[in-house]
Structures are given as structure tokens and as C-alpha cells.
Amino acid sequence: MSTHSVEDIKADSARLRGSLLESLADPVTGALRESDQTLIKYHGSYQQDDRDVREERRQALLEPAYAFMIRTRTPGGVVTPAQWLQLDAIATRYAERGLRITTRQAFQLHGVIKTELKATMQAINAALIDTLAACGDVNRNIAVAADPQPSAAHAAVQVQAAALSARLLPSTRAYYEIWLDEERVASSGGEEEPIYGDRYLPRKFKIGFAVPPVNDVDVFAQDLGFIAILGEDGALLGYDVSVGGGMGASHGDPETYPRLGSLIGFIGPDQVTAVAEAVVTTQRDHGNREVRKRARLKYTIDDRGLDWFRAEVERRAGFSLPPARPFVFSHTGDRFGWSEGGGGRLQLGLRLPAGRIVDGRLDGRGEPVRHLGGLRAIATLLQAEGDGAEFRMTPNQNLVLANVPAALRARVDVLCAEHGLDGWRSATPLRRNALACVALPTCGLAMAEAERYLPELLDRVQALLDRHGIGDAPIHLRVSGCPNGCSRPYLGEIALVGRAPGRYNLMLGADHRGQRLNALYRDNIDEAAILAALDPLFAGYARDRHEGEGFGDYLLRSGAVSVPERDIRRGIPLANLSEDASA
Ligand code: SRM
Ligand code: SF4
């Protein structure tokens, strides 16, 4: 769809209502009218079709197997055990393939048919979770460091992120009228949108809050990133602000590229809303509305310059930003297993391959899993006896059971073991850290497999590592079915980016801290060629790596891969912030 038609659809939509009610009521097709397919995204849903049966249905002269994906707005990915149980019941009743934890700490449900869409939305809202603005050209679900344990400031950061998420919601009542039967009133369709205006943003917008030393949210991949700066006593002093991160690119189009965010300064905790609104409205007013592929904030900044952007943000916010303060990231991964959670409580990090939570088959290999049932049993226990325990989805598609009373540990362990949820115990670091986007069969943009291919790929890469005697190397591997980069592949030490069925670009050389992008190593190759390319690199790494040296860092040191300076964010202090403008 051209940029102009998306811009027109937004402007003509009566604040995101369009003809959604008519589209939903149309019994002749499982699809929505074309413009409503754009608008429903702002309500947290995508029209999709099952690509596994697309050709078969075309030949049988049937319309595609249309169904809807629904994504929640769950800032920081936090839900109560009761909400978990409700979402599980909704997924079991209305969706296919269980629950899916996304790389932005949301739930996705796939395969909801049009006639059940409204009931599903109502059930989600009855669980006190909404889906408003989970997709579309607005601020999306806000990502927050998932592990509450390393810092006492974490709770304050989570509260601030949730408040910002609410603050940046569109004001339209369309969502409540269409899905929750709120009565239309005279002003319906003409609501003021003080932050967004009538055309909303030029493109999607993403915010993340990191709490060093962990960079699980990949803060430099966010349009707007807040890096918590903590005092010696652990108190929250404020945030360094990063702008213009983003992963999406198109094959063969140098006008599009992944970009790491640039630091523009430090703010106090009470300045978060003002800065966020200044950044969002600057992008609203100056983002590219002509060429949709160039409409993300990263291009606005590169086109106009970081100094211009910072000055504009300062002008709108009404204060200037002092230089960013020092911080250190050690890694982007999750912590698995039990740990102290503060206040005598415990927490448990669980590995969920590619975030998919199902009972039955997890992948094409026929291995049975019972993760959905297992987490249901755990949620039931925590609901009854957990006394404030909660589920936290991580940006690495995993789960943390937080604030668990120590007395429940043994019973949770039994449930994990019974349902195969203790896979983290035996998983190698490669398997623990791997990410894959959804891709086929639901993603309409997928060029190659990702989630379904991950287990097989991991088997082969692991076997290769084992052969070189480095099976325990903590390598970060990420797979995306296309260059849009939903698994943030350009921040993987090894990444496969889909080109065509069975073919990928092999990207290498990112670091463990989310501060360096990788680089293209081999273009459009199949699995055999990928393994052949990795083989000598693993041999060299096994032979020559320094103590504690990551694979990506080794590849750079050995000269196998080079990454341009603009794709690296060095640790603060930066001597001269404007140098970063060249990035
Ligand atoms: Fe994404 C589009 C899935 C995180 C960059 N993404 C899509 C769609 C909706 C396909 C579509 O437009 O038709 C995918 C739905 C697949 C499906 O069947 O469920 C999809 N994206 C996902 C999820 C579910 C991947 C996952 O495996 O977890 C993640 C949902 C996040 C959430 O809860 O909100 C997801 N997507 C990301 C991320 C990572 C992040 O935000 O940290 C990125 C890279 C960061 C960025 O935005 O730059 C990302 N998704 C994209 C893009 C490229 C945007 C661009 O600037 O060019 C698209 C395509 C588009 O927007 O046109 C896209
Ligand atoms: Fe789909 Fe591409 Fe995103 Fe994967 S990276 S979910 S294939 S849009």
C-alpha cells in the first residue's frame, strides 16, 4: 500500500473507526475491507492468512484462510497469575498455536477468525488487558528491563514506563465503541488527538527502558530509549536518552538500514514525559510522510542531523539536556533459574523457545511439549498462594516468575519438571539465548522460516560448536524471516535474515551488550553454506579466543568481520556528544 493511501486512510478514518463495524458484520468474507485492514492495526490486530494453505486454497478457488493476530499492550510484559489464566483460556478457546510471547513483551494470539474477533477482544479486556495501539503508526508496547532483581530502582522504572504508555495512548474512543460497545456520542469521530493529530505518526514508534547492567530491551534498537542511571545507593537518578534506533531494512535498498540509537543527554525522572512528548511530536511534525520506507525516526534524524533534533526536542520540552552520564551494559540476555528476588521472595527465569507456549508439538520435529498446561498449573498455584507473585515476559521471548514466596519453590519446581518447563537446566548457552521471529505461516511478510526452523538450526549449529569443543560458548544467535528484523537480528553475533525459502543472509559480528550491529558476511545462502561458512570461524574461535571473549568480538579482532564506526555505540562517557551525530 502506498504511503499516500495509508496517510489518507488515517486522516479519513474518523479517528480510527473507518468502516470497521461494517467490515466485521460482513458475512460474505473472512476478511476486512482494505482500508479497515490498515485501521485494525491501531486496535492491536492484524489480518493475516495461513500461508501454508494459501496455494492449495487458491487452486480450489477458495478465498485465503483469513484469520487475525491479536497483540496485547502490556508495558514491561507484566501480568498477574489471574490474567495469565484468563489469557490462556482465551487462547485455548479462540486462537490457534497457544500464546506467543513477543520480542516486545506482549502476548500474541494467532488464528482468531473474524466472527470471533469481537468476543476475543472483549474477553481480553475483561482480563483488564487491552490491545489499543499495540500496532499501527503510534507508540507501541513499551519495553522495560524484565529482571526486577538486580536493582531496587526497577520498580520505579516499571511504574514510569506504564504511566508513559498510558499517556501516549490515542484519545479516540473508537476502540471502546467498536469492541466494547461504548455508546457513540456527538463528538465520536472528531476527538482531539493532542499528541498524534489526525494522521497519527508517520510510522510505528517504539520506546524501551533499560536498567544497566542488563540491556535485555536492546535499548539502542528503540526509537526512544531510556537508560536508567542509578546512584551508588541504587536510587534512580534519571535516564540517559537515546533516539533513532531501529532495525527494519529492505533487501537491496541502501536507503533503508538498521541503526543504533544516538545518545542526546541526561534527564531527571520527572522529565520523562516531557522528553517523550517532545520526541514523539517532533517525529509527528518532521517525519517523512511521503516515502513510508523512510518514515521511521532514525531517518528523520539522519536527514536533519542529530544536533538539529536535540535542539528541537529541547525547545519543545522547555529545558536543555546536559550530557549523558556513564553507564555500563554487560549483556542483553536473560537470567535463568531461581534467584533472590528481594524482600524474602524468589524469582524464576524460564526459557520458552521463540516465546511460543503450546501443548503438543513445539516445532516440526514432533517433540511433545506441555508448556501451556504447565504454566496454567503454575498460575493456578500462584493465584491461590502466590500473594503478589507475577509473570513477566522478557524481550528475549522468555518468562520470569517474579515475587514468588520461597515456600512455593519446591512445588513450582515439580510443576516445571512435570511439564518440560525446566529445559533451561540442560540447554546450552546457544539455545538459551537464541531468538526467532514468528515468520511462517502467519506473517504476511516472511520470505523464509524463522520460529519453526529455529530448533533444527540450533541442533546443527550446536553440533558444529560441539565438534570444535566449544559447545558451551555463549553465542547469541537470532533468526528473522525477512529483513524487517523483528527478532532484532542485526544485534545478533550470528544472525540469519530470510531471503527466500531456505535461503538467508548470514550476518556476523555484533556484541553481547547491544552496542554494536553485525555486518553482512554471506549473501543469500542455504543452510549447508551457512554451516560451511561458520565452520572455519568456529575453529579459529576455539583456537584463538581470549579468556571471556565473545564470538562477535573475536570476529572483529581477527579481522574476519569489520563493522563501521557508525554502527557501534561505545560506552559512555562520550568525549563529545556531537561526534555521535555522524552515526
Ligand atoms: Fe515486527 C512487521 C511480528 C517486533 C520490525 N512484525 C511485523 C508483522 C506485524 C508483519 C506485518 O506487518 O504484516 C509481524 C507479525 C508476525 C506474526 O504473524 O505474528 C511482526 N514484530 C513481530 C513480533 C511478534 C516478532 C516476535 O517474534 O516476537 C514482535 C512483536 C513486538 C510487539 O509485541 O510489539 C515484533 N518488529 C519487532 C521488532 C523488535 C522490537 O521492536 O524490539 C522490530 C525491529 C525494531 C524496529 O521496529 O525497527 C520489528 N516488524 C518490524 C518491521 C520493520 C519496520 C521498519 O522500520 O521497517 C515490520 C514491517 C513494517 O512495519 O512494515 C514488522
Ligand atoms: Fe515477519 Fe519479517 Fe517480522 Fe519475521 S522479521 S515476523 S518474517 S515481518
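## Around ligand 2

By class, the shell around ligand 2 holds 8 nonpolar, 4 polar and no charged residues. Here Ala, Val, Leu, Ile, Met, Phe, Trp, Tyr, Cys and Pro go down as nonpolar, Asp, Glu, Lys and Arg as charged, and the others, Gly among them, as polar. The residues surrounding ligand 2 are Cys437, Val438, Ala439, Cys443, Leu445, Ala446, Ser480, Gly481, Cys482, Asn484, Gly485 and Cys486. To be near a molecule, a residue needs one of its heavy atoms within 4 Å of it.

## Ground rules

This is a predicted model, with local features needing pLDDT of at least 70 and side-chain atom pairs counting only at pLDDT 80 or more, while totals for chains, interfaces and linings use all residues. Residues are numbered from 1 along each chain as its sequence is written, chains are lettered from A and ligands numbered from 1 in the order in which they are written, and side-chain values use heavy atoms, leaving out hydrogens and water.

## Iron and cysteines

Cys486 turns up again at ligand 1: its SG is the single protein donor to the iron atom, 2.3 Å away. Donors are N, O and S atoms within 2.8 Å of the metal (3.2 Å for Na, K and Ca), and since water is not among the atoms, sites may look incomplete. Cysteine 486 sits in the loop between strand S19 (477–480) and strand S20 (494–500). Strands (E, at least two residues) and helices (H or I, at least four) are DSSP runs, numbered from the N terminus.

The disulfide count is 0, taking a disulfide as a pair of cysteine sulfur atoms within 2.5 Å. Cysteine 135 is in no disulfide, and the nearest cysteine sulfur, that of cysteine 486, is 11 Å away. Cysteine 135 is buried at 0% relative accessible area, while cysteine 443 is partly exposed at 23%. Buried means under 20% relative accessible area, exposed over 50%, and partly exposed in between (1.4 Å probe, protein chains only).

Most residues other than glycine have a negative phi, and most peptide bonds are trans. The loop between strand S18 (435–436) and helix H16 (454–467) contains proline 441, and the peptide bond from leucine 440 to proline 441 is cis, with omega near 10°. Alanine 439 is in the loop between S18 and H16, with a positive phi near 55°, and counts as buried at 3% relative accessibility.

Elsewhere, the bond from proline 212 to proline 213 is cis, with omega near 15°; proline 213 lies in the loop between strand S7 (207–210) and strand S8 (224–230). Leucine 61 has a positive phi of about 60° and counts as exposed at 78% relative accessibility.
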